Amino acid sequence: MLINEGAMRRNRTVRRLGQVGLWLNPLVAYFFLWAPILVLVLFSFNSSRSVASFTGFTLKWYGNILNNVMGAESAFSTELMLNAFRNSLFVGSIATAISTVLGTMIALAMARGKFPGKGLIDGLLFLPVVIPEITQAISLAIFFKVVFDWFALISGERVFPGFHTIIAAHVTFNISYVAIVARARLADMNPRLEEAANDLGANPWRAFWRVTFPLILPGVISGALLAFTLSLDDFVITFFTSGVGTTTLPVFVYGLLKLTVTPEVNAVSTIMMVLSTLLIGISLAIQGRSASRV
Amino acid sequence: MARLGRRLQQNGFFLALPTIAWLFVFFVLPLVIVLVVSFMSRGRGGVAIMPFTLQHYERAFGVFFIILRRSIGLAGLTTVICLLVGYPLAFFISTRRRRLVRQITLFLVILPFWTNFLIRTYAWRILLGEQGTINGLLLSLGLIDEPITMLNTQFAVLVGLVYGFLPFMVLPIFASVERFNFRYVDAAHDLGANDIRAFLRVVLPLTMPGVLAGCALVFIPSVGAFVTPDLLGGTKGLMIGNLINKQFGGSGNMPLGSALSIVMMAVVMLSLLVYVFSIRRDRGS
């Protein structure tokens, strides 16, 4: 096989290069994914204000946050931040409750109902997930402005954006996610179980609450947790639909991050990072448990 | 036949109605208003007034074309880089033999993304700044004499976008490679294909659905990015999302902002069409 010797050597080189690449790529990629986060955490403990080199360990920036000191930014107060966090929880809970009900209802209708225009509804549910956040944010901002202008013209009373506009916006982007998760669960469910309940004499209402609902509950809970997380995390759409005094945590944090890099901002970011990781971890654990129970 | 089933079938539409109404009022109607406003004139304070005009679209494709092109270019480049980094990474994760290792390596990709997007983007300001960590490291090593300007450039935006959306590429490809049966590669080798040929003719086509989904999931949010260019790009890295945002401030122009939104939506819809079309063609072959 003298003719193939060159080709075989080339194949060996390709394979060796491929193996080196396949080992090098994850190293570089994981470094890229983790370095920024580790650097952020590291410099929240740095004894000097510089982020160019680590000079020693300190906790004073965390102390500064508690004492309402924010480096160059004087408007910062722990009180304001906690207030923003409370606003986030408030908006998140209400938006989650409404979107979970609406999302589950349409998921049920789509899974069991027979009516025309289902393809169109599918598109309507799919679009909010894919269009860029900024378009949705801008369209809602214009929409609320137009509606409030009209309202002022008719009634002479001026309505301002606030919690109601943020909640309406959050419900809108959350419905699709809840519906997707709940539908996945419904698709796994055997519709004969409902039939069996009926045959055993349950009325439709009873059959739904005693059979269908408990079976799709894990899906509904997953959907609600996802909606709550998305709501707490959202910045762009909230930024465009919020009014005075209804700042949520991400909007508040954005105000800090826009300024300059200070060790106090690094400390706040580190705290938020730990909290959100814990929150998502817990919600995933709950989902895992509720999914395994059925 | 189940009564509940029949009842749901008959009343299914009424069950769906409240949600449809909600989405119609808070999703469809606002988009229609944006479309209408984009054809109106600019009044005092940036509000929309009559008469109808096409001037905002002329400007969107005139003076602002450079920013539109930059947004599409940066999003395209982000997609390519994510694919080049993400494909081998997804491959690496899904070919780990032990289940625990597979879970950990996948978890290491997902975990950073449990942190708020704003904070993840902000972290790059620490790294890329004039007095940032990278410049500090290079200066102290004596590799450079002057700090390199990295923050507030298109480069910074590109890095931020790749960082922000890499998992969107890795996860769908991971799902595809997981389903891939590696005996096909042995078969290709037995039939005389070398590694490159086996990859191009067998592995890549069979993992194509993941690749296409990943590209769509990275490209679409990148085109519409607002936070990343806002925190990392400065004026040099301005993207269409920031330009839209500017039109809604004090000295703004709501109709122009609306027209730019519509143009951006058109780009997104076009890329979705390309995605759906290539998925169909992929399934057909």
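This is a predicted model: local features need pLDDT of at least 70, side-chain atom pairs count only at pLDDT 80 or more; totals for chains, interfaces and linings use all residues.
1. Helices here (H or I, at least four residues) and strands (E, at least two) are DSSP runs, numbered from the N terminus. Residues are numbered from 1 along each chain as its sequence is written, while chains are lettered from A and ligands numbered from 1 in the order in which they are written.

2. Let's stay with S139(A). With 27 C-beta neighbours inside 10 Å, S139(A) counts as buried (a residue is buried if 20 or more other C-beta atoms, placed from the backbone, lie within 10 Å of its own, exposed if 12 or fewer, and partly exposed in between). Leaving out residues up to four places away in sequence, S139(A) touches P30(B), L31(B), I33(B) and V34(B); touching, or contact, means that C-beta atoms placed from the backbone lie within 7 Å. Along the chain, S139(A) and F240(A) are 101 residues apart, yet their C-alpha atoms are separated by 9.4 Å.

3. The buried residues of α5(A) include E133(A), Q136(A), F143(A) and F144(A). Just after α5(A), G156(A) takes a positive phi of about 75 degrees.

4. Now for the interface as a whole. In total, 72 residues of chain A are in contact with 74 residues of chain B. Helix α1 (residues 5–43) of chain A gives the largest share of the chain A side, 17 residues. By class, that side has 51 nonpolar, 14 polar and 7 charged residues. Ala, Val, Leu, Ile, Met, Phe, Trp, Tyr, Cys and Pro count as nonpolar, Asp, Glu, Lys and Arg as charged, and the others, Gly among them, as polar.

5. α1(A) and helix α3 (residues 65–94) of chain B pack at an angle of about 105 degrees, with their axes 9 Å apart. The two are therefore roughly perpendicular to each other. Axes are lines fitted to C-alpha atoms, for helices over the stretch in contact, and angles run from 0 to 180 degrees between N-to-C directions; under 35 degrees counts as roughly parallel, over 145 as roughly antiparallel, 65 to 115 as roughly perpendicular and the rest as oblique. Among the residues making this contact are G21(A) and P26(A) of α1(A), with P88(B) and F92(B) of α3(B). The contact divides into 8 nonpolar, 2 polar and no charged residues.

6. Within chain A, helix α3 (residues 78–112) and helix α6 (residues 163–188) pack at an angle of about 40 degrees, with their axes 6 Å apart. That makes α3(A) oblique to α6(A). Their contact has 21 nonpolar, 7 polar and 1 charged residues.

7. Finally, a backbone point in chain B: N152(B), in the loop between α6 (133–140) and α7 (154–179), has a phi near 60 degrees, a positive value in a residue other than glycine. Most residues other than glycine have a negative phi. N152(B) is buried, with 20 other C-beta atoms within 10 Å.

Notes: Two residues are in contact if their C-beta atoms, placed from the backbone, lie within 7 Å.
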